[in-house]
Amino acid sequence: MAHNFENLTEVTLEDLARVNLPRYTGMPLEEFGEYILLCNFKHYMLSFSEHYNVPIYGEDKPMKAATANNITFINFGIGSSNAALVMDALTAIKPKACLFLGKCGSLKERVKVGEYIVPIGAIRGEGTSDDYMDPRVPSIPSLALERAVSHVVKDYKQDYFSGVIYTTNRRMWEHDKIFKEKLTSMKATGIDMETATIFT
């Protein structure tokens with residue numbers, strides 16, 4: 001269904017966001033909390049919903065959302081274009097903080113399956129973020145949020161690795177010898193499809 005914006009020169013990002021955030025999540029704007037947790041795997045969303053006994057909106061939408069204790073959990077899907085879409089859509093509510101809880105591939109032998117990486121930056125190899133900022137601008141997180149996450153992980157007596165994430169649009173790259181050599185030369189700790197876009 002098309003939305004009619006009669007005068008496109010007057011449409012702002014906020015106008016589009018106010019239409020698209022509820023459209024993609026099925027959640028009314030007034031239901032969103034001030035703090036956002038982003039994920040892209042269903043079990044994270046289910047755990048949040050069950051723990052707080054709250055409903056999941058958007059079962060028939062591209063993105064699912066649930067809110068408890070002023071925190072909204074959004075499963076935005078996979079990939080840098082979806083990451084950019086959800087970050088643009090969140091302009092509608094102007095959250096105080098936004099944290100991505102995801103999975104990535106390890107590019108270091110010392111980082112094993114199931115261990116944590118708290119990114120200190122991301123290499124913008126996905127292309128999507130170039131539409132938002134000059135490609136030469138580094139992709140870094142909120143340092144206050146990164147520090148807070150590090151403290152929380154330590155409070156739960158978990159170890160973690162700090163490092164840089166390489167973000168790509170390619171999911172099935174493991175067969176490509178040239179691409180893997182490129183990754184090795186960059187010294188990144190992990191690889192994913194969203195982090196650089198979200199930071200940017």
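A residue is called buried under 20% relative accessible area, exposed over 50%, and partly exposed in between (1.4 Å probe, protein chains only). By this rule Asn53 is exposed, with a relative accessible area of 71%. The model is predicted, so local features need pLDDT of at least 70 and side-chain atom pairs count only at pLDDT 80 or more, while totals for chains, interfaces and linings use all residues. Residues are numbered from 1 along each chain as its sequence is written, and side-chain values use heavy atoms, with hydrogens and water left out. Helices (H or I, at least four residues) and strands (E, at least two) are DSSP runs, numbered from the N terminus.

**Glu194**

- Glu194 sits in the loop between β8 (190-192) and α6 (195-199).
- Glu194 is buried and has no salt bridge, a term for a side-chain nitrogen of Lys or Arg within 4 Å of a carboxyl oxygen of Asp or Glu.
- Arg171 is the nearest side chain of opposite charge, 8.8 Å away; Lys and Arg count as positive and Asp and Glu as negative, with His and the chain ends not counted.
- A polar atom of the Glu194 side chain lies 2.8 Å from the backbone nitrogen of Gly79.
- Beyond neighbours within four places in sequence, Glu194 is in contact (heavy atoms within 4.5 Å) with residues including Phe76, Gly79 and Phe100.

**Aromatic pairs**

- Rings of Phe, Tyr and Trp (its six-membered ring) pair if their centres lie within 6.5 Å; planes under 30 degrees apart count as stacked, over 60 as edge-to-face and the rest as tilted.
- The count by this rule is five aromatic pairs.
- Phe48 and Tyr52 are a tilted pair, because their ring centres are 5.1 Å apart and their planes at 55 degrees.
- Both residues lie in helix α2 (residues 42-52), four residues apart, about one turn of the helix.
- Phe48 is buried at 8% relative accessible area, whereas Tyr52 is partly exposed at 34%.
- Phe76 and Phe100 also form a tilted pair, 5.7 Å centre to centre with 55 degrees between the planes.
- Phe76 is in the loop between β3 (71-75) and α3 (80-89) and Phe100 in strand β4 (residues 97-100), so this pair ties together parts 24 residues apart in sequence.
- Phe76 and Phe100 are both buried.

**Positive phi**

- Asn53, in the loop between α2 and β2 (64-68), has a positive phi of about 55 degrees although it is not a glycine.
- Asn70, in the loop between β2 and β3, has a positive phi of about 70 degrees and is not a glycine either.
- Asn70 is partly exposed, with a relative accessible area of 31%.

Terms used
Polar contact = N/O pair within 3.5 Å; in protein donor to acceptor, adjacent residues only side chain to side chain.
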